Each structure stands twice: as structure tokens, then as C-alpha cells.
Amino acid sequence: MSDVSPVSDTGTVDVAPPAVRLRVPTDEDAFVWHRLFDDPEVMEFVGGWSSERSTYEELTARQRRHDAELGFCLWTLLDPEGDPVGFAGAMPWPREWGPTGEIEIGWRLARAAWGHGYATAAARATLERVRAAGVRSVVAMIDIRNERSMAVAHRLGMERAETFTSPSTGVTAYCYRLSL
């Protein structure tokens, strides 16, 4: 079976999205996420350095609670072979500044997983899941220097709205919005 669809009326070739899967993070995923994200390039727009393993232990536990209570979370992102390559999903915006009270979608992938369409495919699956959970709109907070994530937001049909600056770090981010 081919991953490429026939040429469309506009002369473009549509490529099928990669077959990624999302699963609720396990205790083991804290170790996996810590290993996958221990890379300055991966962390460039999310603090610049790798977090301690305990941070990921707390994060994966919180995501399991979100999934049980809300029907969505930051899921472990599995590539077509079933190997973890990062996370993608949604959760309530956790800070007192920015889009307070909103549901944020997001993704973070290991460097080796960049450029394969995994983030877009996982984000689209996330949109389906949050819509099914009754969410009517989502935001994505993206560092103004992160062109790759902005491209994913555009592919999802999100529109840039507000700009926020973190009071603790001074980092500026665009808030993208999408009604579901």
C-alpha cells in the first residue's frame, strides 16, 4: 500500500499522515521523557535545559489524573513502530498569567522525531479527543522564536491571537487559538 495519494486537481500530491498513536503516560514514561528531552535543542523554547527526572515523574502522574478526570492529557506519543518519541495532548493552562482558564494543546518531540509529521498528526488526534470530551476551543502558547511549532499551529488551522510575556522568565509567546 502506498503512502501517497493520487495527484489532486491542483497538481499537488497529498501524503498520508504518519500512523502515530497516543497513550496515557505510564510511570516508566517519566524516565523515557527525561531521556528524550535531555537535549538543548529540544528544550530551547521550553526553558532551555532538561528538567530533573522527578519533574517528569510528577508530570506523568498529573497527566494520568487529567485523563481520568477530563478525558484528555499530555499523552505519550508513539511513532509508527510503537516507540515513544515524545508527548502531545492537552491540559488546562497551568499558570496565573496568559490564557488562564483555557485548554492548551501542545507537543514536544525528541530531536530524532522532528520532520516526520508526527507533531501535526498527534495534534490533530488531540483535537479530535478534546472535541469528543466537550472542549469547544483550545489555545497553543508558542515561543515567538519557535517557527517549527508555529508551522504546526498553522497546519491545524489555528490563528495567532494575543501575545503574552512570562513575568518570571521574560519569554514572549504567541497565543494561537482554534474553535472546535
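Colleague: Which residues form one aromatic cluster with Trp33 here?
Modeller: This is a predicted model, so keep that in mind. In it, Trp33, Phe37, Tyr56 and Phe87 form one aromatic cluster.

Colleague: How many aromatic pairs does the count come to?
Modeller: Five. One of them is Trp33 with Phe87. That pair is tilted, with 4.8 Å centre to centre and 55 degrees between the planes.

Colleague: Which parts does that pair tie together?
Modeller: Trp33 lies in helix H1, residues 27-36, and Phe87 lies in strand S5. The pair therefore ties together parts that are 54 residues apart in sequence.

Colleague: Is Trp33 buried or exposed?
Modeller: Trp33 is buried, with a relative accessible area of 0%. Phe87 is buried too, with a relative accessible area of 5%. The cut-off for buried is under 20%, so Phe87 counts as buried.

Colleague: Why is the pair of Phe37 and Phe87 called edge-to-face?
Modeller: Look at the angle. The planes of the Phe37 and Phe87 rings are at 85 degrees, and the centres are 5.4 Å apart. Planes over 60 degrees apart count as edge-to-face, so this pair qualifies.

Colleague: And where does Phe37 lie?
Modeller: Phe37 lies in the loop between H1 and helix H2, which spans 40-43. Its pair with Phe87 ties together parts that are 50 residues apart in sequence. Phe37 is buried, and so is Phe87.

Colleague: New topic. What does strand S5 pair with?
Modeller: Strand S5, residues 84-92, pairs with S6 in the antiparallel sense, over seven bridges. For example, Gly86 has Leu109 in S6 as its bridge partner.

Colleague: How many residues of S6 are buried?
Modeller: Seven of its seven, across residues 103-109.

Colleague: Which residues are on each side?
Modeller: Ile103, Ile105, Trp107 and Leu109 are on one side. Glu104, Gly106 and Arg108 are on the other. Both faces of S6 are covered. As background, side chains in a regular strand alternate between the two faces of the sheet.

Colleague: What about the largest nonpolar core? How many residues does it have?
Modeller: It has 47 residues. Those with the most contacts inside it are Ile105, Trp107, Val138 and Met158. Helix H4, residues 118-132, gives the largest share of this core, seven residues. In soluble globular proteins, nonpolar side chains tend to be buried together.

Colleague: What is Trp107 in contact with?
Modeller: Leave aside its neighbours within four places in sequence. Then its contacts include Phe87, Ala88, Ala119, Ile142, Ser149 and Leu156. There is also a second, separate core of five residues, and it includes Trp93, Val139, Ala173 and Cys175.

Colleague: Which charged end sits over the ring of Trp93?
Modeller: That of Arg95, 4.9 Å from the ring centre. The charged end of Arg160 sits over the ring of Tyr174, 3.9 Å from its centre.

Colleague: Switching to loops. Where is Asn146?
Modeller: Asn146 is in the loop between strand S7, 137-143, and helix H5, 147-155. Asn146 is buried, with a relative accessible area of 11%. A polar atom of its side chain lies 3.1 Å from the backbone nitrogen of Ser149.

Colleague: And Gly71, where is that?
Modeller: Gly71 is in the loop between helix H3, 53-70, and strand S4, 74-78. Gly71 is partly exposed, with a relative accessible area of 36%.

Colleague: How far apart are Gly71 and Ala133?
Modeller: They are 62 residues apart in sequence. In space they are 5.9 Å apart, C-alpha to C-alpha.

Methods
Residues are numbered from 1 along each chain as its sequence is written. This is a predicted model: local features need pLDDT of at least 70, side-chain atom pairs count only at pLDDT 80 or more; totals for chains, interfaces and linings use all residues. Side-chain values use heavy atoms; hydrogens and water are left out. Buried means under 20% relative accessible area, exposed over 50%, partly exposed in between (1.4 Å probe, protein chains only). Helices (H or I, at least four residues) and strands (E, at least two) are DSSP runs, numbered from the N terminus. Two strands pair if DSSP finds at least two bridges between them. A polar contact is a pair of N or O atoms within 3.5 Å; within protein, one must be able to donate a hydrogen and the other to accept it, and residues adjacent in sequence count only if both atoms are side-chain atoms. A nonpolar core is a set of buried Ala, Val, Leu, Ile, Met, Phe, Trp, Tyr and Cys residues joined through side-chain atoms within 4.5 Å. Contact means heavy atoms within 4.5 Å. Rings of Phe, Tyr and Trp (its six-membered ring) pair if their centres lie within 6.5 Å; planes under 30 degrees apart count as stacked, over 60 as edge-to-face and the rest as tilted. A charge sits over a ring if NZ of Lys or CZ of Arg is within 6 Å of the ring centre and within 35 degrees of the ring normal.
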